[in-house]
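Okay, hi everyone, thanks for having me.

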Amino acid sequence: MTIKASADAVEVRAALGLGEEHREWTEALEWTPADDHEAELPAGQQLTSLLTRLKLPVEDQAEMAEAAEEAIEPDTPWRWLLDRTVASLRATMGLDTLMPPRPALTTDSPTGRWLTVLACLAVVPDVRALHARMEVPDEVSWASLGILGEKAAVRRRTLAGARAGAGTEVEAEAKAPFSYDNYLLPVFQGRRYRLDGLDCRASNVSIDVRLPYGTEPFGILPDMAWAHEIHYFFRRLPRRYADGVRFGYDAIPCRIGSWINDPAVGDYLPEDHEIRRFIRKCQHFSHYGPGPADETGLTSGDRDALEQTFGQSPANRETALHLTPTTPVQQAVLEHLGAGNHWALDHCGQAIWDYSPYPRRAT
């Protein structure tokens, strides 16, 4: 399966058998400015060492290595996609710029499953260089890049849970795509970091915080001092942090988006529970309700609750209800869903008013 280096998005979709849903993504990549350097991936022991350092599951590493070999073959559609995805990441390094949205690649090729992982691996030197310029501590840098492996582990636990709970065939489940682009790509653009055990992303108008799997116990209290500490960390960014904030008029919200902000938590967990102590430290709340469920029967809040507590992202509501709870928090999540309810992905946090403008670093 070869294509010319000058191939366009139409030819790439035809070569891979991609449908119309991939048109916007591939056309956006076609218009990506050419990169001076082709995407490079380590091989052999160097690849194994990098995969291990980024905490990617050992069980998936052989398939990732196979995908890497296929992806760097010249004059192939995979090479076309990889080079342009990597060029997009490099062009937006340090910026609050969304990558082109990508539907899941559900081909039989392992390269389709792991394309996001491969692109992230290719820009590790670039993002590490950005971290060095920003004087990000080494432990924060590697902990942040390790979010990649954690998301791959969520996928693996999800597949294992599906096989155990719903009898899904192993072969079919093994072909499930890795689909965490929206969460991971900001890590490899230098915009999302693991700080105090939480995943914090700087946008042009706010700091958005998410709780990864295994946040329990909630040892960090999100008070104003905590919010300012995170704010000052993101002042390291070379440009664009808080560009959308009018000095003297607007606050910079440091907000935690999580199912734990749903008022229904109080129906299941006692007043002195660590989760309720955690959210009581916040001053500002936004409650929008769970909203409609998608075709899987789950809302974004449901998925957040399941991933944060079980480390899984079940395919649908039925599969989720087959999970076996082993902690009171997991029991609360499933009891709420089992009663026909949904979790809301609400927000809480602090509003940072007393900040000051600061000079842009040279880029």
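Let's begin at the second largest pocket: helix 5 gives the most to its lining, with 7 residues. Before I go on, this is a predicted model, where local features need pLDDT of at least 70, side-chain atom pairs count only at pLDDT 80 or more, and totals for chains, interfaces and linings use all residues. Residues are numbered from 1 along each chain as its sequence is written, and side-chain values use heavy atoms, leaving out hydrogens and water.

Helices here are DSSP runs of H or I with at least four residues, strands are E runs of at least two, and both are numbered from the N terminus. A pocket is found on a 1 Å grid over the protein atoms alone: it's an open set of points where a 1.4 Å probe fits, with protein on both sides within 12 Å along at least five of seven lines, and lining residues have an atom within 4 Å of a point.

So how much space lies in that second largest pocket? About 390 Å³, counted as the space filled by probe spheres set on the grid points, which are joined across faces, edges and corners. It has 22 lining residues, and the closest to its centre are Ala5, Glu38, Arg79, Asp83 and Arg84.

Back to helix 5 itself, residues 77-91. From first C-alpha to last, it reaches 21 Å, close to the 21 Å expected at 1.5 Å a residue; that expected span is 1.5 Å times one less than the number of residues. Of its 15 residues, 12 are buried, meaning under 20% relative accessible area with a 1.4 Å probe, protein chains only, while exposed is over 50% and partly exposed is in between.

Now, two loop residues. Aspartate 75 sits between helix 4 and helix 5, and its phi is near 60°, positive in a residue other than glycine. Its relative accessible area is 42%, so it's partly exposed. Glutamate 135, in the loop between helix 8 and helix 9, also has a positive phi, about 60°. Is glutamate 135 buried or exposed? Exposed, because its relative accessibility is 59%.

Last stop: glycine 149, in helix 10. With 0% relative accessibility, glycine 149 is buried. It touches Leu54, Lys55, Leu56 and Pro57, not counting residues up to four places away in sequence, where contact means heavy atoms within 4.5 Å. That's me done, thanks!
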